[in-house]
Amino acid sequence: MARIATINKKEDLKPEHHQIYDAIAQSRGVVGGPWLALLHSPEMTYRTMHLGSYVRFESGLDHKVIEFAALVAARELDCKHEWAAHVNHAQKAGISLDTIRAVHQKKGAETFASDDAQIVSFIREMIHQHRVSEPTFQAIHGRFGDKGMVELTATVGYYAMLACTLNTFDVYSVTPPDDLQI
């Protein structure tokens, strides 16, 4: 159960903020997860939604990379909602169930395919050491270049922000398959 009242319907907002609710519903198909808490600050919600739309739908990164990064970040931050939502998105993006299970089990980077191992190492270092080692930096930079590396870093930051919101307020609205729950 959420630790604060969630904003579940447009009518829970002042009329001047209804367009923000509508924009979330239009871009994501539903107003759930972090939005249920973030809507207590409509302007913050709007700005977060705008960033999220870029990350998810407009970034120059391959969609599979975005979904894999979201999945790894969610799992490393033990964010139940983002994990559950991105298990489905990851499968739709072409990430194998074996890879998803390896992320879920927090297996060592060496157990992943080379490209995935780079991303796993990058995200784990960012989240747990708050820095990225030179070898990891060079591997990601060599693969994605300046723009791609900035976008990957911001993608992880975006999902970390959502995880902080969801975990702080205990907001959950999606359930993963039984063998992939955290």
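Modeller: Let us begin with a term: a residue is called buried when its relative accessible area is under 20%, exposed when that area is over 50%, and partly exposed in between, using a 1.4 Å probe and protein chains only. The model is a predicted one, in which local features need pLDDT of at least 70 and side-chain atom pairs count only at pLDDT 80 or more, while totals for chains, interfaces and linings use all residues. Residues are numbered from 1 along each chain as its sequence is written, and side-chain values use heavy atoms, with hydrogens and water left out.

Colleague: Is V87 buried or exposed?

Modeller: V87 has its place in helix α5, residues 80–92, where helices are DSSP runs of H or I with at least four residues, numbered from the N terminus. The relative accessible area of V87 is 0%, and this residue is therefore buried.

Colleague: How far apart in space are V87 and A70, C-alpha to C-alpha?

Modeller: Along the sequence, V87 and A70 are separated by 17 residues. In space, taken from C-alpha to C-alpha, the distance between V87 and A70 is 9.4 Å.

Colleague: How are α4 and α6 oriented to each other?

Modeller: Two packed helices are described by the angle between their axes and the distance between the axes. The axes are lines fitted to C-alpha atoms, for helices over the stretch in contact, and angles run from 0 to 180 degrees between N-to-C directions. Helix α4 (residues 63–76) and helix α6 (residues 97–104) pack at about 30°, with their axes 9 Å apart. Angles under 35 degrees count as roughly parallel, over 145 as roughly antiparallel, 65 to 115 as roughly perpendicular and the rest as oblique, and α4 and α6 are therefore roughly parallel.

Colleague: What is the orientation of α4 to α7?

Modeller: The axes of α4 and α7 lie 10 Å apart, and the two helices pack at an angle of about 40°. That angle makes the orientation of α4 to α7 oblique.

Colleague: Which residues of α7 make the contact with α8?

Modeller: The axes of α7 (residues 114–129) and α8 (residues 134–169) come within 11 Å and cross at roughly 60°, so these two helices are oblique to each other. Contact means heavy atoms within 4.5 Å, and on the α8 side it involves residues including T136, F144 and V156. On the α7 side, the residues are D115, D116, Q118, I119, S121, F122, I123, E125 and M126.

Colleague: Is K106 buried, exposed or partly exposed?

Modeller: K106 lies in the loop between α6 and α7, and it has a positive phi of about 55° although it is not a glycine. The relative accessible area of K106 is 32%, so this residue is partly exposed.

Colleague: Is H130 buried or exposed?

Modeller: H130 is placed in the loop between α7 and α8, and its phi is near 65°, a positive value in a residue other than glycine. With a relative accessible area of 56%, H130 is therefore exposed.
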